[in-house]
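Dear colleague,

Please find below a structure that I am handing over to you. My notes on it come after the coordinates.

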Amino acid sequence: MKVVAVTACPTGVAHTYMAQEAIEKECRKRGYDVKVETQGSMGIENELDQDDVANADVVILAVAIGIDGLERFEEKEDKGKVLNIDPSEVIKHPAEALDTAEKL
């Protein structure tokens, strides 16, 4: 399974990167391909390009604020392949978040 994600929190520090780590760790545990873009205090890092999004089976938006480039995910959203979740939930319960994403 190929997973792409964006993480972002209001301050752009702790939760942004903790959510990234939680998603990556859980995906590696499951043997999934994963790429996580962060939109934090350092700006956009590890930016997802259109091919990343197009080839993904599911998109996880672990965001608590508006993000740049949301339009990249419209096609996946239309197909019901986007999980919108609060970053703190991904940090606390990464397995449950990935279980939910698998069912999309």
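Predicted model: local features only at pLDDT ≥ 70, side-chain atom pairs only at ≥ 80, totals over all residues.

Residues are numbered from 1 along each chain as its sequence is written, and side-chain values use heavy atoms, with hydrogens and water left out.

Five strands form an open sheet of mixed pairing in the order E3-E2-E1-E4-E5; strands are DSSP runs of E with at least two residues, helices runs of H or I with at least four, both numbered from the N terminus. Two strands pair if DSSP finds at least two bridges between them. E3 and strand E5 (82–85) are the edges, each with a single partner strand, so one side of each has no neighbour in the sheet. Strands E1 (residues 2–8) and E4 (residues 58–63) run parallel and are joined by six bridges; valine 3 has valine 58 of E4 as its bridge partner.

Helix H1 (residues 14–30) packs against helix H5 (residues 94–102) at an angle of about 65°, with the axes 9 Å apart. Axes are lines fitted to C-alpha atoms, for helices over the stretch in contact (heavy atoms within 4.5 Å), and angles run from 0 to 180 degrees between N-to-C directions.

Asparagine 46 lies in the loop between strand E3 (43–45) and helix H2 (50–55). Although not a glycine, asparagine 46 has a positive phi of about 55°.

Yours sincerely
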